[in-house]
Amino acid sequence: MKTISIGCGAGFSGDRTDAALPVVKTLIERGGASAIIFENLAERTLATHQLTKQSNPDLGYEPLLELEIKPILEDCLKHGVTIVGNFGAANPKGAAKLIMQIAKDLGLPNPRIAVIEGDDLSGERGKKIIHEHLGKEFNHEKFVCANAYQGALEIAQAIQAGAQIVVAGRVADPSLTVGPVMAHYRWHSDQWDEIAGATMAGHLLECGAQVSGGYFADPGKKEVSNMEDVGFPIAEVFPDGSCIITKANNTGGLVSAQTVKEQLLYELHDPAAYITPDVVADITMAIVEELEKDRVRLSGVKGHPQTSTLKANVFFDGGWFGEGEISYAGQNAETRARLAMDIMQKRMGGVMQLRFDLIGVSSILGDDKNYMLKRVANSYSQDVRLRVAGQHQDLNEVDRLLRELTALWTGGPAGGGGVRVGKRRRLSTQSCLVKRAHAPASFYFFDA
Amino acid sequence: MPRTLYEIAHARTGDKGNIANISLIAYKPEDYELLVREITEERVAKQFSDRSPSKVTRYLLPKLHAMNFILHDVLDGGVNDSLNLDMHGKSLSFHLLNLEI
């Protein structure tokens, strides 16, 4: 049986929108069955979209959807490249409607768009389920939304039923890849080894450029060429679930054993039990082999039966976050930045816990309790930027923090410049495991 | 100059909630045993002591010449609660590579 190739067009919400076209062109040149996935949902992204939907029921899907889909839609429909994305986010139906409109605008016949549902547990029924699971930790007043991670089965069923585009909300990232592969090989949902292999192929694809040179380059140590044009990855997935990772033709970047190993272990905990809605994958015996330039094989992934539960992420209103920065230069700059820090602690430290950073001295390895910064001696740096951050349930207090930071201009140490302040809403997260029967997934075809 | 991990291995950080995982991968297969011998859970916990990990777990992947470290409670609550500029802890991998060997 001919293999299937899966390309990746985006690895997060806000990824480069010119990355997908070279992937689609490559899939078409190669011929055979293919699909392109768009992974647009980090843990926090979905909750942000849920908030957007609460203020405007027509929105709540991936804001860059049109920029993602427009450049590739005609090629994909014409050449049978299935599009699968979680760009539906909080409003998959809204996303399907927009894609239908884009097709119309381009003068294309109506595509067959399947919408996956069942992940959203934000309504009354879902809320009740989450409440039962979280018990006392559930806060009715602050509840924002909850979504369960769905798997690949309904994606596969939708494709087998003729979907050219599958729009999902919260499905597990690797399931975007497993869906079209499962449909292509007509795997049963208990072919654990095969599904586990495809799951790890999906895991390698789901962050876009992170397997093809992005998040990897380190000049002089780990060289990557033409990073400004880094090619997005493609996985050829074989009937046994093993795969070869490569990337779009005529692009920059690098697919090597090193890039694949780094991404294989990315966000992974126990390598014997990578749990998704579809399977429990085991990579302890997996083998990564560099076959030729930009072609790396992953084999030896084992699968164990899927668990009886689905993970759900629950978000509560977490108040407000505020931060601001001010710079000092020249002789005694660091001492003046440290004086500004002292002023802020004295004026605002009683209102909220403050985190301080001296950018250029110590700003990233430290901790929110400032243990590390307190230990770092004055290095007499002549180019220092002080950053102050805090959070509070009350927006008024966060606004006060930002005003105090701005007042360092006139009321702080000498020569302070370049004040920038910003604030955003906070969402606090909980997660729990719900029974599959509590969040059943299904799909329907969007009717224009 | 003392030799650091940076010379013989590469690493990548990922986050899930308040947990960071850092992979550590030997450039050369023959250096893997040295990593296993020297880069223990205790040493990694010490290297990240400013983040007060509640637990550090090490998993071995001999076929990949790699190890995976799981650092619990080191992200000041994680991406939704931390006040850190790098709320995901993405830069932590290079702090691990500063370990002397």
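**Exercise 1. How far apart are the centres of domain 1 and domain 2 of chain A, taken over C-alpha atoms?**

Solution. The model is a predicted one, in which local features need pLDDT of at least 70 and side-chain atom pairs count only at pLDDT 80 or more, while totals for chains, interfaces and linings use all residues. Residues are numbered from 1 along each chain as its sequence is written, with chains lettered from A and ligands numbered from 1 in the order in which they are written.

Begin with the bounds, which come from an automatic or database domain assignment: domain 1 of chain A covers 4-307 and domain 2 covers 317-430. Their centres, taken over C-alpha atoms, are separated by 38 Å. Next, take the contact between them, where two residues are in contact if their C-beta atoms, placed from the backbone, lie within 7 Å; seven residues of domain 1 of chain A and four residues of domain 2 of chain A take part. On the side of domain 1 of chain A that touches domain 2 of chain A, helix α2 (residues 43-55) of chain A gives the most, with three residues; helices (H or I, at least four residues) and strands (E, at least two) are DSSP runs, numbered from the N terminus.

**Exercise 2. Describe the pairing of strand β7 of chain A, and state how far this strand is enclosed.**

Solution. First consider burial, for which a residue is buried if 20 or more other C-beta atoms lie within 10 Å of its own, exposed if 12 or fewer, and partly exposed in between, with C-beta atoms placed from the backbone. In β7 (residues 233-237) of chain A, four of the five residues are buried, so the strand is largely enclosed by the rest of the structure.

Then list the partners, given that two strands pair if DSSP finds at least two bridges between them. Strand β1 (residues 4-10) of chain A pairs with β7(A) in the antiparallel sense over four bridges, and S5(A) stands opposite E236(A) there. Strand β8 (residues 243-247) of chain A is antiparallel to β7(A) and joined to it by five bridges, with I245(A) as the bridge partner of A235(A). Finally, inspect the turn: β7(A) and β8(A) form a hairpin with five residues between them, and G241(A) in that turn has a positive phi of about 90 degrees.

**Exercise 3. Characterise the fold of chain B and its contact with chain A.**

Solution. Chain B has three helices and four strands, whose order from the N terminus on is β-β-α-α-β-β-α. The radius of gyration of chain B, taken over C-alpha atoms, is 13 Å, close to the 13 Å that the globule rule (2.2 Å times the number of residues to the power 0.38) gives for 101 residues, so chain B is as compact as a globular protein of that length. Of these 101 residues, 49% count as buried.

Turning to the interface, the contact takes 29 residues from chain B and 38 residues from chain A. On the chain B side, β1(B) gives the most, with five residues. By class, this side of chain B has nine nonpolar, 11 polar and nine charged residues, where Ala, Val, Leu, Ile, Met, Phe, Trp, Tyr, Cys and Pro count as nonpolar, Asp, Glu, Lys and Arg as charged, and the others, Gly among them, as polar.
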